[in-house]
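Let's take a walk through this one, ring by ring. Have a look at the model before reading on.

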Amino acid sequence: MSQNLNRREFLKLASLLPMAYFTPRSVLNLHPNQTEETPNILVIVFDSLSALHTPFDGYPRNTMPFLSELAKNATVFHNHYTGGNFTTAGTSTLLTGTYTWTNRGFKKGYIVDQSFEDRNLFALFEDYNRISYSHNPLVNTLQSQFMNHLDLFKPRRELSLGFGNWLGQLLKNDDDIFTLSWDRILSKADDGYSYSLLFSEFYELLKKSVNTRFGTFPRGLPQISEESFFLLEKAIDWTVDELKKCAQPFLGYFHYLPPHDPYNTREEFIDVFHKDGFYQPTKPALYWGDPHKLENVQLRLRRQYDEFILYADAEFNRLYTQLKESGILENTIVIFTSDHGELFDLGVTGHMTPLIYQPLMKIPLLVFMPGQTERQDIYQNTSATDIIPTLLHLTGKPIPAWLEGEILPPFNPTPPDKNRSIFGLEAKDSKLVGPLTPYSAMIVKGDVKFTRYSGYDPNPDFDELYNVAEDPNEFDNLIDKYPQIAAELREELMETMAKANAPYQNK
Amino acid sequence: MRKLFLICVFPIHIWAILMVILEFQWIGERTNFVDALGVGAYALVFALLESLMLFILALILSLLLPPAWNNDKRLASLTWSILAISFWSAVNQVYFILGAIVPRFYANWMVNSGHPLWILIGTLFPLALASIAGPLFLVLIKEKFTQSTLSFVERLETLSIFYLFLDLLGFLFLVYRNIAF
């Protein structure tokens with residue numbers, strides 16, 4: 001061809017233009033420095049979803065019919081543990097790949113140690129297009145710490161509803177502190193007092209009158225915080241739209257609030273499990289539960305929670321299906337998990353408790369690999385600390401030594417150690433520096449789980465030992481039956497905690 | 001009107017500032033010192049709005065006072081009403097801050113009566129009513145009490161103006177946070 005196109009040459013080239021229609025979307029969206037072989041990563045977290053309330057753990061209620069079907073193309077982990085029993089602790093474990101005694105993310109609403117600002121999931125994938133959104137303000141607080149490593153951080157309020165949301169949109173550059181300030185100024189729910197001397201009284205009344213029946217949510221709109229509501233559908237729609245148009249490879253981290261309380265599920269799921277004959281015996285309250293909480297109240301709340309899971313399941317299915325139809329999943333690793341569980345036992349409803357029983361600490365984990373067509377079931381114990389090493393391994397990146405997790409089986413070329421120790425910690429009332437007290441700590445090794453509760457004056461310290469394979473609901477405390485095993489596990493737990501806490505003892 | 005507004009400013013700001021001081025340490029520990037200042041700034045700006053709301057309410061209340069009352073009596077009576085309402089709101093919240101325990105004899109009386117809520121209302125309501133009605137009555141019959149109240153109001157003015165200055169600083173800090181951060 002000549003250097004200057006003549007009419008004939010131009011027409012020949014123009015005839016090729018329609019071929020552009022058939023160019024794969026994944027090629028069109030490619031990050032300039034990436035190849036088609038670099039998989040996208042999509043981490044989906046549903047807040048407060050307990051593994052013991054999913055069919056994958058033998059729960060008699062089918063709370064996740066869609067995910068059960070999708071799991072035919074996934075690796076399902078049946079003994080996966082969070083690092084802590086509430087959002088800050090669970091999320092900091094997942095996002096830093098370390099336990100909370102290392103990253104110091106064990107206090108509610110706090111950030112992790114500054115040393116993790118460049119040591120986290122987002123920082124380890126600098127060559128990816130990193131996108132994140134969360135309904136949960138506690139997660140936003142953590143994410144704001146990692147802002148330098150996020151390419152798109154969607155402000156929480158842009159996908160939520162409510163008067164506070166309108167004001168929050170105006171102040172979105174300061175969302176974390178505005179949200180905290182709003183709660184401390186107006187809400188007396190947690191502590192009984194607020195910064196507002198007079199108006200907070202009327203605010204409580206106003207809130208109650210506003211969130212009543214709303215359209216397709218007969219129990220009230222799902223609620224994020226004291227002044228903010230949300231529709232999961234809106235967040236899912238945004239996620240799909242964003243992932244369809246964003247540059248690849250992407251690392252998306254999306255933390256949705258259901259089934260976190262209040263358990264305001266969508267209309268079609270109301271009373272699905274009503275009078276279904278489900279019954280689970282409960283244990284009497286320990287030092288922290290309400291000994292007068294009626295069993296039927298616990299069962300009702302449990303049912304409402306299970307119905308809220310149905311809503312989350314349906315929306316995840318919608319997300320997954322739309323992404324699959326768009327072709328994005330052909331080159332995307334999808335992680336489905338939670339930050340912590342929920343408890344309806346021992347006089348406790350929820351997760352803000354010192355207790356660390358299985359419903360709180362066991363969370364679902366499903367990994368969908370591109371092109372996977374057969375289900376795999378993994379029964380080895382795994383930890384939320386394992387997510388980052390696994391993703392690094394799957395994308396061919398080096399695994400830093402500071403990570404405390406391992407590559408998940410079956411992706412690990414090394415056979416798994418069946419005697420591997422998995423840990424968890426609850427210490428939200430402990431100081432950040434100095435000895436960890438009070439605390440609740442667990443070590444899981446094989447089928448055995450040892451827990452220690454210490455420093456909760458005036459309650460005495462006590463230990464528990466369970467065979468969680470044979471006794472998943474932890475009714476039979478074996479601490480007196482197997483003192484030697486308990487002693488060995490206690491020693492390992494204490495040594496590990498002491499070692500991790502050593503740098504903070506004398507700060 | 002200016003003095004009435006400054007009286008509204010006083011208790012609301014005292015409370016807000018005390019709360020910020022009480023929680024400053026853990027908020028600073030949560031993220032950092034500057035963020036703790038941010039929370040304080042939001043608290044001050046809200047305190048200003050709350051003062052305005054209370055001022056509007058006080059103006060409406062002043063319409064209920066006898067037309068024959070002069071401005072001094074009106075201001076004195078409204079001052080005591082505002083302070084009384086603020087006092088009982090503070091008591092309601094201080095209970096939770098201090099983890100106050102009700103005296104045993106009182107708790108037993110409430111429980112044994114079978115109507116603890118009515119006992120609570122029955123004992124506290126007259127006290128609250130007396131704390132408002134008492135000063136109003138004194139303003140009505142004692143000119144000296146009225147003048148003492150006005151003298152007290154004048155002393156509070158300087159403090160209230162200082163709080164308004166803090167509100168301005170807080171507002172500017174928030175503007176900076178939302179533009180620069």
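A charge counts as sitting over a ring if NZ of Lys or CZ of Arg is within 6 Å of the ring centre and within 35 degrees of the ring normal. Keep in mind that this is a predicted model. With that in hand, look at A:Lys107, which lies over the face of A:Tyr110, 5.5 Å from the ring centre. A:Arg119 does something of the kind with A:Phe116: its charged end sits over the ring, 4.2 Å from the centre.

Now for rings with rings. Over all chains, there are 40 aromatic pairs. Take A:Phe217 and A:Tyr311: the ring centres are 5.6 Å apart and the planes are at 75 degrees, so this pair is edge-to-face. It links distant parts of the chain, 94 residues apart, with A:Phe217 in the loop between helix H9 and strand S7 of chain A and A:Tyr311 in helix H11 of chain A. Both A:Phe217 and A:Tyr311 are buried.

A:Trp288 and A:Tyr453 make a tilted pair, at 5.6 Å centre to centre with 35 degrees between the planes. A:Trp288 lies in the loop between strand S9 and H11 of chain A and A:Tyr453 in strand S18 of chain A, so the pair ties together parts 165 residues apart in sequence. A:Tyr453 is buried, at 1% relative accessibility, whereas A:Trp288 is partly exposed at 23%. Ring pairs also join up into a cluster, whose members include A:Phe46, A:Tyr256 and A:Phe368.

Over on chain B, a nonpolar surface patch has about 850 Å² of accessible area in all; B:Leu159, B:Phe162 and B:Ile179 are among its residues. B:Leu159 lies in helix H6 of chain B and is partly exposed, with a relative accessible area of 33%.

How values were computed: Residues are numbered from 1 along each chain as its sequence is written. Chains are lettered from A and ligands numbered from 1 in the order in which they are written. This is a predicted model: local features need pLDDT of at least 70, side-chain atom pairs count only at pLDDT 80 or more; totals for chains, interfaces and linings use all residues. Side-chain values use heavy atoms; hydrogens and water are left out. Patches are made of residues with over 30% relative accessible area and no salt bridge: like charges are joined within 9 Å, nonpolar side chains (Val, Leu, Ile, Met, Phe, Trp, Tyr) within 5 Å. Accessible areas come from the Shrake-Rupley method with a 1.4 Å probe; for residues, only the protein chains shown count as cover. A salt bridge is a side-chain nitrogen of Lys or Arg within 4 Å of a carboxyl oxygen of Asp or Glu. Helices (H or I, at least four residues) and strands (E, at least two) are DSSP runs, numbered from the N terminus. Buried means under 20% relative accessible area, exposed over 50%, partly exposed in between (1.4 Å probe, protein chains only). Rings of Phe, Tyr and Trp (its six-membered ring) pair if their centres lie within 6.5 Å; planes under 30 degrees apart count as stacked, over 60 as edge-to-face and the rest as tilted.
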